[in-house]
Amino acid sequence: MVLNVTVSAPNQLTWNEKANKVIVTSTTGQIGILSGHASMVTTVDIGLLLIETVENQWIPIVSFSGIAVINNNDLQILVSAYEIKPKITEEVAEQELKEALNSFSDLNNNTIDKVAISQKIKAASARFIALQIINKKKIPFL
């Protein structure tokens with residue numbers, strides 16, 4: 001048995017794929033989903049969705065806040081936005097991550113700014129790791 005994975009976001013085409021396993025970044029950590037997983041609803045945080053296709057290829061997707069629902073081997077991931085392949089280079093992604101990290105360390109005690117910058121850090125980190133996976137510099141879970 002395989003998982004039927006659907007990733008949807010407003011103003012974007014729906015992405016569908018059959019998969020052996022999926023790793024979802026939730027607000028409480030990463031969740032691994034295999035065929036036969038119990039029905040569940042969870043929140044999705046800014047981060048990576050890692051999908052291993054039935055051809056044993058890993059597809060990294062940068063996702064932005066939403067929910068994931070698994071029921072009878074159908075995984076529906078509904079997010080505010082997602083990126084299959086970031087439209088930047090690995091070097092630009094690394095620079096964005098460094099800038100976001102530096103911005104966070106330069107903050108005083110402004111909670112609103114800390115939340116906004118922590119979201120930038122999550123997105124920049126997810127893009128950087130996704131590009132490393134795409135460029136075969138990083139292999140997930142070996």
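Let's start at one spot: Val-41 sits in strand E4, residues 40–44. Helices (H or I, at least four residues) and strands (E, at least two) are DSSP runs, numbered from the N terminus. The model is predicted, so local features need pLDDT of at least 70 and side-chain atom pairs count only at pLDDT 80 or more, while totals for chains, interfaces and linings use all residues. Residues are numbered from 1 along each chain as its sequence is written, and side-chain values use heavy atoms, with hydrogens and water left out.

**Overall build**

- The protein has two helices and seven strands, and from the N terminus on they run β-β-β-β-β-β-β-α-α.
- Its radius of gyration is 16 Å, close to the 14 Å that the globule rule gives for 142 residues, so the protein is as compact as a globular protein of that length. The radius is taken over C-alpha atoms, and the globule rule is 2.2 Å times the number of residues to the power 0.38.
- Along the principal axes, the C-alpha atoms fill a box of roughly 50 × 30 × 30 Å.
- Buried residues make up 39% of the 142 residues. Here buried means under 20% relative accessible area, exposed means over 50%, and partly exposed lies in between (1.4 Å probe, protein chains only).
- Take the contacts (heavy atoms within 4.5 Å) between residues at least 6 apart in sequence: 53% of them join residues at least 24 apart.

**On the surface**

- The accessible surface of the protein comes to about 8,100 Å², and 54% of this belongs to carbon and sulfur atoms. Accessible areas come from the Shrake-Rupley method with a 1.4 Å probe; for residues, only the protein chains shown count as cover.
- Val-41 is exposed, with a relative accessible area of 59%.
- Together with Ile-67 and Leu-78, Val-41 forms a nonpolar patch on the surface, with about 250 Å² of accessible area for the three together. Patches are made of residues with over 30% relative accessible area and no salt bridge; like charges are joined within 9 Å, and nonpolar side chains (Val, Leu, Ile, Met, Phe, Trp, Tyr) within 5 Å.

**Salt bridges**

- Side chains of opposite charge can pair when their charged atoms come close. A salt bridge is a side-chain nitrogen of Lys or Arg within 4 Å of a carboxyl oxygen of Asp or Glu, and by this rule the count comes to four.
- One of them joins Glu-52 and Lys-21 (3.4 Å, N to O). Glu-52 lies in strand E5 (residues 47–53) and Lys-21 in strand E2 (residues 15–26), so the pair ties together parts that are 31 residues apart in sequence. Glu-52 counts as buried at 11% relative accessibility, whereas Lys-21 is partly exposed at 31%.
- Another joins Arg-127 and Glu-83 (2.8 Å, N to O). Because Arg-127 lies in helix H2 (residues 111–134) and Glu-83 in strand E7 (residues 74–83), this pair links parts that are 44 residues apart in sequence. Arg-127 is buried at 18%, and Glu-83 is partly exposed at 21%.
- Glu-94 and Lys-98 also meet in a salt bridge (3.9 Å, N to O). Both lie in helix H1 (residues 90–106), four residues apart, which is about one turn of the helix.

**Nonpolar cores**

- A nonpolar core is a set of buried Ala, Val, Leu, Ile, Met, Phe, Trp, Tyr and Cys residues joined through side-chain atoms within 4.5 Å.
- The largest core has 21 residues, of which Val-5, Val-7 and Ile-77 touch the most other members. The elements giving two or more residues to this core are strands E1 (3–8), E2, E3 (29–34), E5, E6 (58–71) and E7.
- Leaving out residues up to four places away in sequence, Val-5 touches several residues, among them Trp-15, Val-22, Ile-51 and Ile-77.
- A second, separate core of 10 residues includes Ile-23, Leu-48, Val-62 and Ala-123.

- Ser-63 is found in strand E6 and counts as buried at 0% relative accessibility. Its C-alpha atom is 6.6 Å from that of Leu-49, which is 14 residues away along the chain.
- Asn-73 is found in the loop between E6 and E7 and is buried, with a relative accessible area of 8%. Apart from neighbours within four places in sequence, Asn-73 is in contact with residues including Met-1, Asn-4, Ser-35 and His-37.
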